[in-house]
Amino acid sequence: MAETRRKFLNVLIGGALLGWLGSVLYPVLSFLRPPRLAEANVNSVKAGLASDFAVNSGQIVKFGRTPVMLIRTDTGEFRAFEATCTHLDCIVQYRSDLKHLWCACHNGHYDLQGRNISGPPPRPLAPFTVNVVNDEIIVSKPQPVG
Amino acid sequence: MMTALRYGYRALCWGAAWCLCLGGGAFAQDAPPMPEGDQCVACHLDLEELPEDFQTYDVHLKQGLSCVGCHGGDATTDDMDEAKAPGTGFVGVPARTDTPRLCGACHSNPSFMHDFQPRIHTDQVEQYFISVHGQKLKEGDLKVAECTSCHTAHAILPAADARSTVYPLNVPATCKTCHGDAAYMADYGIRTSQFDAFAESVHGKALLEEHDVGAPACNDCHGNHGALPPGVASLNQVCGTCHVNNAQYFAESAMAEPFEDIELHACIECHGAHDVRKTFDAMTGVGEGSVCLDCHDEGEDAYEAAQEIYAHLAGLVAAYDSAAAQQREVVRVGMDDMDIAYLLKDAHQSLIQARTLVHTFDPEKVGARTDEGVAKAREALALSLAQIKEFGTRRIGFGLATLFITLLAIGLYLKIREIDKR
Amino acid sequence: MAARARSKLYAWLHERFDLDPLLTYMRHKRVPVHRQMVWYYLGGVTLFLFAVQIFTGILLLFYYQPGVDSGHESVRFIMDQVSFGWLFRSVHSWAANLMVFFAFLHMFSTFFTRAYRKPRELTWMSGFVLLLLVMGLGFSGYLLPWDELAFFATKVGTDIVGVVPLVGEPLKELLRGGPDVSGATLSRFYAFHVALLPAIFTIILVLHLLFVQRQGMHVPEAVAKLPPSERKEIPFFPNFLLKDALLWLVVLNVLLYLAVFWPAEVGLKADPFSPAPEGIRPEWYFVFMFQTLKLIPGHVVFIEGELLGVLFFAVITVAWLLVPFWEIKARPGRKVRPMVIVGVIALVYIVIMTAAGYLGGLE
């Protein structure tokens, strides 16, 4: 009787110990698995292949929490700017007919250097750095000067 | 369509910035060399007998245009009588009616001005005589503003210099000198409250309190030298210089023609003129603050349209607010809100666009945009709730872990009892 | 089969490390059983919480990035992007608070049972130093998320160091890594929190545990006076250790409960140039000191009030550390022991000041 009791107890403790270990190891292993975004501070993002990006077009790239407007000018050059309009925080778009960045909310215009040239925007758009490495477009935060 | 007008304001700013770069020398140095050998300046400085507003930084003085340029006389002699003798062209204080001609002698001459300020306009005098000021001056009214009233006579600076009386931040005060003086303006039968109204307006606050030179001063709507009260036809264009979409929607709306027919002043009927206040959604609708009710009554189609437009806006605002509140909760409990933030940005954008679309006065157009926004806000709300629910599922994990811990604890307890018995 | 493998392994190890004496020691280690033995568990719980801190702390290190531009962001990242990041951060935060709490409790239980007496003077002193180190770990760890409250609490906390004459200013700069709380302070506190303090803590902890092992558990005088026949004991291993483990499991579950239902929050990012927000206060275990400093008038006679407060706590700290050497012995016949009065005064003072700090506002 005492023998079965002891055996049962050992099985209980062993089983519970295994379950407990599982409930510790599972969170730990999940924690160590790299998350969707690899880093807290996004410093650069990949934005697809340069050869797939049409000349005289633009698209929004999610740069962490910041939307970034990546454009390719009609000369084939890549440029990127923060896509949030400096007027009332709408998202700007690329107008291939005007070759301008344009904010639909209040008809604000920015030139291809990100400068506000018409409409209500009070300030230029902050630029981002674009590099093309092995046909891959990489948008990154501009390095601070100095 | 990019009219020159739309570009006008930006061009002005860029132009000013250019002047800053190119003509930097004109006002960057504050200790100008006094014109040498100029006996007027030498004597009057010695005697300290100078015009009240005399400043050594005066842009003309620095370019070598000294007293005789405007007052006539001979600057080469140090004898005061000889310098002002007949035949020297000495005029003393020029008559007020004469100043536009005097200034225009140089400023209306493009080839002359080119040597000093290649980018400066040369049509100021021409414009001035179109203005009410100019026309009255022509009639011999000596109380109206002429060049020196705004630019001063002896302390003239480029408009881009912050010390200038015509620097954007200083313009309202400069105009106020006369237009805010009830006694002075009594003869003209116009209000003198514009400055106070302006100072309370969104534009005035931005300009005078926040020192945002992007905000309009008096001249941005009334014109600089050709100052006129904007007419019925031009008003929409004036506001539309900056508020492009609003003006365009209005011009294309069913409201534009009747407004013109009964000579209503487009924008200002609802928004006011000098006292333009920050807008709010209840300006539409039929409740308190509604501007639609100024003209429309219950029973009209417009009354219903106003109601509908307000309902659309209010619906989106409510949807946005409830989603934003949930987003804050998501952040507070430490869940991921990145996608929610993007969706809310979209919803907010729809709201801004819908508010602009109010100027179409078409409930369907406003509604179409608010529907987009509401959809985004709902999506954000659903995502927030999902995240909060997922936060709740932590409790399931907690329950499971608790189960194992409890089992283990019971096992240990029994084991301890067993061992203690031994 | 398994038993044979086990004895073979033991033989192999014993041959090399001479394990028999160790095993004999463990078998003979005994824990006295009496009504006050509940206090024996407090040190164990604190030790367990320290282990939890090391474990979760190492995990957090995988993602935390010190720095003005990354500290707050990476904590937020741990909370909302890393799976179970919230769990480990919340457990780390709660275990820190519980550890301070249990360390205080452990200290007062030792004080009131007079366990600091000869021969345990060094055990008491090492334990008290450990308590100070725990508070240092709490203070340095509080800043790492680089949020508004922590920023200003650290500013105020390090300012207090500055009032000490002569050494105050240099010490303050040494702590801050510059004249102000800045990114340099964050780097420093990071180094304190994850390397320097844990290293010192571990060394002193090992000493503390060695002392306890060498001297055995302290037995209260009332129990010690009993004839041997009436004194009960249980083996440390496995009986007492299993009871310890049982309690640890309960504490772990409480930790999980707190982490799930009251997760550590993410405050607003610190902005050195913004005005101090309302309600800045240090961690709760510093509040009684903070409140004392607030209550002392600006000038007392000719000494600056704050300086007086700092000196007061410095003297108290040293006195408390040296309790075994100046203990006021009870006179025969007196019912109330002087040291009990001292302890009660200290305890009541801490409780009242802490309560005042929270209830009365800190303005």
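Me: What share of the 363 residues of chain C counts as buried, and what makes a residue buried?

Reply: The model is predicted. A residue is buried if 20 or more other C-beta atoms lie within 10 Å of its own. In chain C, 31% of the 363 residues count as buried.

Me: Which secondary structure elements does chain C have?

Reply: Chain C comes to 15 helices and four strands. For contacts in chain C between residues at least 6 apart in sequence, 76% join residues at least 24 apart.

Me: What makes S2(A) and strand S3 of chain A a pair?

Reply: Pairing needs at least two bridges. Seven bridges join S2(A) to S3(A), so the two strands pair. They run antiparallel. Gln59(A) stands opposite Leu70(A) in S3(A).

Me: Why are S1 and S2 of chain A called edge strands?

Reply: The open sheet has six strands in the order S1-S10-S9-S4-S3-S2 (chain A), with antiparallel pairing. S1 (44-49) and S2 (57-63) of chain A each pair on one side only, so they are the edge strands. Neighbouring strands of this sheet are turned by 30 degrees against each other on average, direction ignored.

Me: How many residues does each chain bring to the contact between chains A and B?

Reply: Chain B brings 29 residues and chain A brings 23 residues. On the side of chain B that touches chain A, H1 (4-22), H18 (244-252), H22 (338-357) and H23 (363-421) of chain B each supply at least two residues. H23(B) gives the most, with 11 residues.

Me: What classes of residue make up the side of chain B that touches chain A?

Reply: That side has 15 nonpolar, eight polar and six charged residues.

Note on methods: Residues numbered from 1 in each chain as written. Chains lettered and ligands numbered in written order. Predicted model: local features only at pLDDT ≥ 70, side-chain atom pairs only at ≥ 80, totals over all residues. Contact = placed C-beta atoms within 7 Å. Nonpolar A, V, L, I, M, F, W, Y, C, P; charged D, E, K, R; others polar. Buried ≥ 20, exposed ≤ 12 C-beta atoms within 10 Å, placed from the backbone. Axes fitted to C-alpha atoms, helices over the stretch in contact; angles between N-to-C directions.
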